[in-house]
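Morning, everyone. I have one structure to walk through today. Please take a look at it before I start.

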Amino acid sequence: WQHVLDGAWLSRTDAWRPLMPDGETAHAGCVDMHARPSCGLDGKFSVVNFRGRWLVFARANALPSGGRTVQVMRSVGADPAGPYGAYEQLAWRDFELLAPAARANIYFAAVRRHPTDAGLLVGLFPVNTGEPGTPNGNAGGHIALAASCDGVAWTDLRPLLASPGGHGRTHDHPLVGFVTFNATVHFYVQHHVGWISRDAETEGHVREYALVPGA
């Protein structure tokens with residue numbers, strides 16, 4: 001009875017239905033075991049122009065419960081209105097999302113072009129590292145950083161910040177984008193996201209962090 005939009009939970013009311021996809025159809029390649037045969041796309045999107053094409057990163061649900069990951073579709077040409085090719089699921093080096101020992105969840109991707117290398121993409125990912133025996137672990141996880149040259153194959157996930165979590169989610173979510181000033185790259189994290197963290201009303205805030213080379 002609730003819907004996720006831009007990382008926050010919103011009531012599924014008539015006012016929000018125009019923003020939701022057609023429940024009778026699914027874009028080619030879309031993976032959503034929560035809503036099959038349709039594709040609910042019930043999470044935050046990240047859109048970036050890269051090498052003359054538009055890449056749209058969306059939530060994927062690889063299991064009927066839990067199994068949250070990310071998929072991407074790429075525009076055929078330079079027009080952001082499309083058409084778009086089929087969705088492909090992201091893959092990270094040395095990371096098995098559906099490992100049976102402790103199934104992890106990657107809630108969405110916050111992707112932008114690399115601030116100093118136009119041939120690379122950089123993404124921030126909220127990773128719930130999972131618990132044995134459940135697809136929706138409560139152990140929490142971290143905000144992780146990875147890079148890609150095509151949007152599909154990514155480097156290993158480098159943890160930046162620890163995050164508490166529950167029900168397969170992290171309580172903290174990265175905001176989309178990087179800012180460079182004084183020769184230092186900065187990123188931003190929303191801590192205690194509403195409808196995910198029980199402490200959102202009293203502890204919710206956005207904080208700035210700096211990426212320090214070699215740290």
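A quick definition before the tour: accessible areas here come from the Shrake-Rupley method with a 1.4 Å probe. Keep in mind that this is a predicted model. By that method, the protein exposes about 10800 Å². Carbon and sulfur atoms supply 54% of that area.

Now the overall build. There are 19 strands and 1 helix. The protein has 215 residues, and 46% of them are buried. Take the contacts between residues at least 6 apart in sequence: 49% of these join residues at least 24 apart.

On to the pockets. What is the volume of the largest pocket? About 550 Å³. Its lining has 23 residues. Nearest the centre lie L145, L160, L211, V212 and P213. Which strands each supply at least two residues of that lining? Strand 11, at 141–148, and strand 13, at 158–163, do. So do strand 18, at 184–191, and strand 19, at 205–211. By type, the lining splits into 16 nonpolar residues, 5 polar and 2 charged.

Find N61 in strand 4, which covers residues 53–61. Is N61 buried or exposed? Its relative accessible area is 1%. Buried means under 20%, so N61 counts as buried. Its side chain makes a polar contact with the side chain of D32, at 2.9 Å. Setting aside neighbours within four places in sequence, N61 also touches other residues, including V31, M33 and H34. D42, G67 and R68 are among its contacts too.

Now some backbone details. The peptide bond from G82 to P83 is cis. Omega there is near 15°. P83 sits in the loop between strand 5, at 68–74, and strand 6, at 88–89.

Two residues other than glycine have positive phi to point out. Start with A183, where phi is near 65°. A183 lies in the loop between strand 17, at 179–181, and strand 18. Why does A183 count as exposed? Its relative accessibility is 81%, and exposed means over 50%.

Then W195. Phi is near 65° for W195. Look for W195 in the loop between strand 18 and helix 1, at 200–203. W195 has a relative accessible area of 60%, so it is exposed as well.

Methods:
Residues numbered from 1 in each chain as written. Predicted model: local features only at pLDDT ≥ 70, side-chain atom pairs only at ≥ 80, totals over all residues. Heavy atoms only, no water. 1 Å grid on protein atoms, 1.4 Å probe; cavity = no way out; pocket = protein on both sides within 12 Å on 5 of 7 lines; lining within 4 Å. Points joined across faces, edges and corners; volume = space filled by probe spheres on them. Helix = DSSP H or I, 4+ residues; strand = E, 2+ residues; numbered from the N terminus. Nonpolar A, V, L, I, M, F, W, Y, C, P; charged D, E, K, R; others polar. Buried < 20%, exposed > 50% of the residue type's maximum accessible area, 1.4 Å probe, protein only. Polar contact = N/O pair within 3.5 Å; in protein donor to acceptor, adjacent residues only side chain to side chain. Contact = heavy atoms within 4.5 Å.
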